Every structure is written in C-alpha cells, then in structure tokens.
Amino acid sequence: MSKLQVETISHTNNTTAMTIASDGTFLPQKIPCAFLYRSTDPGNAVASTWTKIPYNAEEFDTHSIADTSDSRFEFTTATAGIYFFSACLRITQTGILNRFILAIRKNGGTYLAQNEINIPDITGNMFPQIQTDTIVSVVDGDYIDAAYYITSGNTSALSYERSAVNFYCYRISARQKH
C-alpha cells in the first residue's frame, strides 16, 4: 500500500486555503456548519400565530453558530457568507388540518422560504411532515430561525427526535468583497 502524499496551498498570511492529496482528492478545511434538532417532547403546537420552532439539542456545530437556548443560528464576521439552510417539522394531527406552514426567517422578520400543506379530512392519526430549504447571504449580526403556523380544528402535537424536527445549515461560499 502506497503512502498518500498531501500538498497544501497557502494564502500569503500562511493560512491553509486548500489541501490536495496525491490522488487528486480535495481535503476541505473545516467549514461553518451546524445541525439542531428537538430531543424531548415540546407539547402541543401553538395555533394561529407564527411560532419559532424550539430546538434544544445539537449534533454538531463546527464554528459555534448554533444557539440552542434561542433555537437559531447566529453569525459573526468570521462565519459570514452564503449558506444553505434546511428545516423539517412533523406534527401529530387527529382532525382537519387547515394550514400547516414551515418557514425559514432572517432576523426574526424576513421570510426567506416556506412550504405549506393542508389536509381536509382525516380518519385516525396522521403525521404530516414538511421541509423547506433556501440559500441565504448572512453578515455579522444576522440570525436565522425556523417557525411554523398552524390552523386546525383539533389540537396538533409537535413531534420530536432528530428525524422529525431538525434544522441545519452549511456555508457554501465565503462572503465576497464588493
């Protein structure tokens, strides 16, 4: 078995920009990315108002951008850039579900992406799950969260567990200087 040789390309300030193995494989530097999810039962969904999704656990957070105490991602000058975001939410529903909307928001007010479903007639329990994604440019001081809006004739229960309620992001490009 031959040894793998690695070559590092550096910027002028001696920081590693890229590493290329002798077989041509790129070995990327650690990029900002994080994964939040809900690990315990949050109870019933709040109806007829936009409500931030309560994430209480993280699986990874490479640059301290995830804030589980405020259920959001927060950015600094060092982590600014263009990011891919994805949010997923599942509920337990036992009756008509008029509206179930999931949105990704910037700074608590600008809606960047959303997805909506409705289920007019249900016999027995249903577990609708929706996901929404977006690409967003963030700068120092910005934060991104996910929120839901539900209108229903019955009580809706929020799900939990990694696969049912999650929110993640990763930087796809550092911020370009203008």
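## Aromatic contacts at a glance

Arginine 72 lies over the face of tyrosine 143, 3.8 Å from the ring centre (a charge counts as over a ring if NZ of Lys or CZ of Arg is within 6 Å of the ring centre and within 35 degrees of the ring normal). This is a predicted model, where local features need pLDDT of at least 70 and side-chain atom pairs pLDDT 80 or more, while totals for chains, interfaces and linings use all residues. Residues are numbered from 1 along each chain as its sequence is written, and side-chain values use heavy atoms, leaving out hydrogens and water.

- Phenylalanine 35 is in strand β4 (residues 33-37) and phenylalanine 60 in strand β6 (residues 57-61), so the pair ties together parts 25 residues apart in sequence (strands are DSSP runs of E, at least two residues, numbered from the N terminus).
- Phenylalanine 35 is buried at 6% relative accessibility, whereas phenylalanine 60 is partly exposed at 34% (buried is under 20% relative accessible area, exposed over 50%, partly exposed in between, with a 1.4 Å probe and protein chains only).
- Arginine 162 puts its charged end over the ring of phenylalanine 35, 4.2 Å from the centre.
- Phe35, Tyr37, Phe60, Phe84, Tyr168 and Tyr170 make up one aromatic cluster.

**Phenylalanine 75 with phenylalanine 85**
- Phenylalanine 75 and phenylalanine 85 pair edge-to-face, 6.2 Å centre to centre with 90° between the planes.
- Both phenylalanine 75 and phenylalanine 85 are buried.

Definitions and conventions. Helix = DSSP H or I, 4+ residues; strand = E, 2+ residues; numbered from the N terminus. Phe/Tyr/Trp six-rings, centres within 6.5 Å; stacked < 30°, edge-to-face > 60°.
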